[in-house]
Amino acid sequence: MNEIRSMRGPITLGVAALLILLIGCTGREPAMTAYARDLQEIEQALARMGQEGDRLQAVRLRYRRACLTGDFSDLRVLEREIEDAISALGPVNDLILVKANLEMKLHRLDAAGQILERVPYLKESPGGRALLADIALQQGRYDEARTRLEAAVDEQPGWETLARLAYYRSMTGDPVEADRLYARAQDLLTAKEMR
């Protein structure tokens, strides 16, 4: 019994030291999450651009930020910035596609489709086809969604189009094919895109 009592002091100190380490009282900052790192990179890039930066690139960065945060006020600000950029730069394809994607994110499906319908070239681009497929899927037009997604994958079999087709397959009852497509998409992801 005396041996146990004599060990209690060192054991208590050891447990206390371990608790201090586990609680994080080591003076080190907690590791930044990939989400926080992405937001920080976007903010830094926007700050470097300043007022005289590339307006199109600024809209792309703000779109990424709004998609990451999901903050409705960010989406509303972005909506005004897109309109301002279109007024200043004209109907640049990338701006039109960002605008259509934003309409989709806000679940204004008809508006997103109408934007793409007005720009035939954009409508037939891989990004346009994929977005029109997303709209068709959301509206229950499954055959049209499949046809558009397969055409987008045939033209540009990147990770994003493959993942969209995989999502379609999973939603329409083909989980085995969805898994296969997700695996193909995963193989195409770069480390930065994976974040």
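User: Which residue follows H2, and what is the value of its phi?

Analyst: This is a predicted model, in which local features need pLDDT of at least 70, side-chain atom pairs count only at pLDDT 80 or more, and totals for chains, interfaces and linings use all residues. Residues are numbered from 1 along each chain as its sequence is written, and side-chain values use heavy atoms, with hydrogens and water left out. The residue after H2 is Gly50, and its phi is positive, near 65 degrees.

User: How many helices and strands does the chain have?

Analyst: Helices (H or I, at least four residues) and strands (E, at least two) are DSSP runs, numbered from the N terminus. Read from the N terminus on, the elements run α-α-α-α-α-α-α-α-α-α-α-α. The count is therefore twelve helices and zero strands.

User: What share of the 195 residues of the chain counts as buried?

Analyst: A residue is buried under 20% relative accessible area, exposed over 50%, and partly exposed in between (1.4 Å probe, protein chains only). Of the 195 residues of the chain, the buried share is 34%.

User: Why does the length of helix H2 agree with its 16 residues?

Analyst: The expected span of a helix is 1.5 Å times one less than its number of residues. For the 16 residues of helix H2 (residues 34-49), this should give 22 Å. The end C-alpha atoms of H2 agree with that, being 23 Å apart.

User: Which residues of H2 are buried, and what arc do they cover?

Analyst: The buried residues of H2 are Asp38, Leu39, Ile42, Ala45, Leu46 and Met49. They lie on the same side of H2, because the arc around the axis (taken from the directions from the helix axis to the C-beta atoms) is only 125 degrees. On the other side of H2, the exposed residues are Ala47 and Arg48. The cover over the buried residues of H2 includes helix H3 (55-69).

User: Which residues does Leu46 touch?

Analyst: Leu46, a residue of helix H2, counts as buried because its relative accessibility is 10%. Leu46 and Leu61 are 15 residues apart in sequence, yet their C-alpha atoms are 7.3 Å apart in space. With contact meaning heavy atoms within 4.5 Å, and not counting residues up to four places away in sequence, Leu46 touches Ala58, Leu61, Arg62 and Arg65.

User: Where is His107, and what is its phi?

Analyst: His107 is in the loop between helix H5 (93-105) and helix H6 (109-117). Most residues other than glycine have a negative phi. In His107, however, phi is positive, near 60 degrees.

User: Which helices are included in what covers the buried residues of H6?

Analyst: In H6, the buried residues are Leu109, Ala112, Gly113, Ile115 and Leu116. They cover an arc of only 155 degrees around the axis, which puts them on the same side of H6. What covers them includes H5, helix H7 (120-123) and helix H8 (126-138).

User: Is Gly70 buried or exposed?

Analyst: Gly70 is in the loop between H3 and helix H4 (72-89). Because its relative accessibility is 51%, Gly70 counts as exposed.
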